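Take them pair by pair.

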Amino acid sequence: MAISMYAASVPVFRQLLTSLNELLNKAEAHAAAKKIDPNALLQARLFPDMFAFTRQVQLASDFAKAATTRLAGVPVPGYEDTEQTFEELHARINKTLALIDGVTAAQIDGSEEREIVIQPGTPRERKFTGQTYLLHYAMPQFLFHVTTAYAILRHNGVEVGKRDFMGSF
């Protein structure tokens, strides 16, 4: 039995974006309890050449919204990437959750062979079928950025574990 493109995407994005929201709550509480400047966590990174925590959250959000809308055949909305606080990151995640909740299974199912073009008209243009885009590009990218955001918090002493990463499903 085949799994639907919708089932392989939106519920996973929803689960991990919701857990990312909870990770933000724990990070904020940790900073307050330990009297740490929130920017110490928001700008933390695992290594100097990696993106900071805030950018990891932005990119996780971007891959969830882009994959959902591209598979549905609708334009990808742009976000400004100006978030600098926990509150603003929560708002971004919530905006992304509302966006993906507005896309139906009927819009995504059957997109396995839909042509997906990223960065069209540039030297970095790439073309995929919908299934290849989801399973080999968008989902791994999304998971990388959520995992890295989790790892940054854990590395900085926020008491989170696997259950916090996984969230509810």
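Helix α1 passes helix α3 in a left-handed crossing. This is a predicted model. Helix α1 covers residues 10–33, and α3 covers residues 53–72. Their axes come within 10 Å and cross at roughly 160°. An angle over 145 degrees counts as roughly antiparallel, so α1 is roughly antiparallel to α3.

Which residues of α1 meet α3? They are V10, F13, L17, L20 and L24. On the α3 side, the partners are F53, V57, A60, S61, F63, A64, A67 and T68. Sort this contact by class, and you find 11 nonpolar, two polar and no charged residues. An α-helix has 3.6 residues a turn, so residues three or four places apart point the same way.

How long should α1 be? The helix has 24 residues, and at 1.5 Å a residue they should span 34 Å. Just after α1 comes K35, which takes a positive phi of about 55°.

Now turn to α1 and helix α6, which covers residues 130–155. Here the axes come within 10 Å and cross at roughly 15°. Angles under 35 degrees count as roughly parallel, so α1 and α6 are roughly parallel to each other. Their crossing is left-handed. From α1, the contact uses V12, F13, L16, L17, L20, L23 and A27. From α6, it uses L134, M139, F142, L143, V146, A149, Y150 and L153. What classes of residue make up the contact of α1 with α6? It has 15 nonpolar, no polar and no charged residues.

Follow α6 itself next. Along the way, α6 has a kink of about 35° at A138. The kink lies shortly before the proline P140. After α6 comes G157, with a positive phi near 90°.

One pair remains. How are α3 and α6 arranged, roughly parallel or roughly antiparallel? They pack at an angle of about 160°, with their axes 8 Å apart. The pair is therefore roughly antiparallel. Again the crossing is left-handed, as α3 passes α6. By class, their contact has 19 nonpolar, five polar and one charged residues.

Helix α1 runs roughly parallel to α6. Helix α3 is roughly antiparallel to α6, and α1 is roughly antiparallel to α3.

Definitions and conventions: Residues are numbered from 1 along each chain as its sequence is written. This is a predicted model: local features need pLDDT of at least 70, side-chain atom pairs count only at pLDDT 80 or more; totals for chains, interfaces and linings use all residues. Side-chain values use heavy atoms; hydrogens and water are left out. Helices (H or I, at least four residues) and strands (E, at least two) are DSSP runs, numbered from the N terminus. The expected span of a helix is 1.5 Å times one less than its number of residues. Axes are lines fitted to C-alpha atoms, for helices over the stretch in contact, and angles run from 0 to 180 degrees between N-to-C directions. Angles under 35 degrees count as roughly parallel, over 145 as roughly antiparallel, 65 to 115 as roughly perpendicular and the rest as oblique. A crossing is left-handed if the near helix is turned anticlockwise from the far one by less than a right angle, and right-handed if clockwise. Contact means heavy atoms within 4.5 Å. Ala, Val, Leu, Ile, Met, Phe, Trp, Tyr, Cys and Pro count as nonpolar, Asp, Glu, Lys and Arg as charged, and the others, Gly among them, as polar. The bend at a residue is the angle between axes fitted to the seven residues ending there and the seven starting there.
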